[in-house]
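Have a look at the model first, then read on.

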Amino acid sequence: MAVQISPSILSADFARLAEAAASVPNADWLHVDVMDNHFVPNLTLGLPVVESLLKATSTPIDCHLMIEDPDRWAPAYAEAGAGSVTIHAEAAKAPVRTLRQIRAAGARAGFALNPATPVEPYEDLLGEIDMLLLMTVEPGFGGQRFLDVVLPKLRRAGELVGRRGGQIWLQVDGGVSAETIERCAEAGADVFVAGSAVFGAEDPARAVDELRALAEKG
Ligand code: DX5
Ligand code: ZN
């Protein structure tokens, strides 16, 4: 599976999101963190901002919903045109229905696990999922330290996903940087979210290229 880089606009200037998108033309995706101050202790943006961003960039949008009620909201992000919509295992009450609705609306269906959530209970759900997201920090904020404790789970998830013939992408999100990305790639990740490592860099596009080159080594 080819390496994909998904810069997180959480670390960009929220008053200049279109410029942030334009600053990383070499990104495969733009990662958009939707937080509701309930599922996580932070509040970011919602559907209207995603709709505006979709008009402002041709880079596909990778929506990461850190919200209490993804069953209610996820399909609308897919219908709006997000290329990928990810819901959290810890929040979804009807994940099979919601993942199917995301796919039916034409988006890739993502399923996210917090650092302490095991992957094994969800093995039977893999047929409903296009991307498995393993959080490598506790969700809520950018710029946190990468949690190495997730690496064994990442390896196990890579094996489970590998048995499905590479159709399911394996994404990591949180603390992914030039220092940590090789470890993630080596453990089996193929889609890399990076916020501060990209938008905190002087040249975001160069940071994307550098992260990609390191991941390809891993
Ligand atoms: C955190 C968000 C991440 C965040 C990552 O809850 O889901 O996408 O932007 O930021 P960095 O890469 O700075 O850890
Ligand atoms: Zn995220």
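This is a predicted model: local features need pLDDT of at least 70, side-chain atom pairs count only at pLDDT 80 or more; totals for chains, interfaces and linings use all residues.

Residues are numbered from 1 along each chain as its sequence is written, chains are lettered from A and ligands numbered from 1 in the order in which they are written, and side-chain values use heavy atoms, with hydrogens and water left out.

- Ligand 1 has 20 residues around it, and Ser8, Gly140, Asp173, Gly175 and Ser196 come nearest (a residue is near if one of its heavy atoms lies within 4 Å).
- In polar contacts (pairs of N or O atoms within 3.5 Å), the side chain of Ser8 places an N or O atom 2.7 Å from an oxygen atom of ligand 1.
- The backbone takes part too: a backbone N or O atom of Gly140 is 2.7 Å from a ligand 1 oxygen, and a polar backbone atom of Gly195 is 2.8 Å from an oxygen of ligand 1.
- On its own, ligand 1 has 380 Å² of accessible area, and the protein covers 100% of this (Shrake-Rupley method, 1.4 Å probe).

**The shell around ligand 1**

- At least two shell residues come from each of β2 (30-35), β3 (61-66) and β8 (191-194), and β2 gives the largest share, 3 residues (strands are DSSP runs of E, at least two residues; helices are runs of H or I, at least four).
- The shell holds 8 nonpolar, 10 polar and 2 charged residues, with Gly counted as polar.

**The largest pocket**

- Ligand 1 sits in the largest pocket, meaning that more than half of its atoms lie within 2 Å of the grid points.
- A pocket here is an open set of points on a 1 Å grid where a 1.4 Å probe fits, with protein on both sides within 12 Å along at least five of seven lines, and lining residues have an atom within 4 Å of a point.
- The volume of the largest pocket is about 260 Å³.
- Its lining counts 26 residues, with Phe141, Gly142, Asp173, Gly174 and Gly175 closest to the centre.
- Besides β2, β3 and β8, α7 (196-199) also supplies at least two lining residues.

**The second largest pocket**

- This pocket has a volume of about 160 Å³.
- Among its 14 lining residues, Met1, Leu170, Gly188, Ala189 and Asp190 lie nearest the centre.
- Helix α5 (residues 151-162) gives the largest share of this lining, 3 residues.

Methods. A polar contact is a pair of N or O atoms within 3.5 Å; within protein, one must be able to donate a hydrogen and the other to accept it, and residues adjacent in sequence count only if both atoms are side-chain atoms. Grid points are joined across faces, edges and corners, and a volume is the space filled by probe spheres set on the points.
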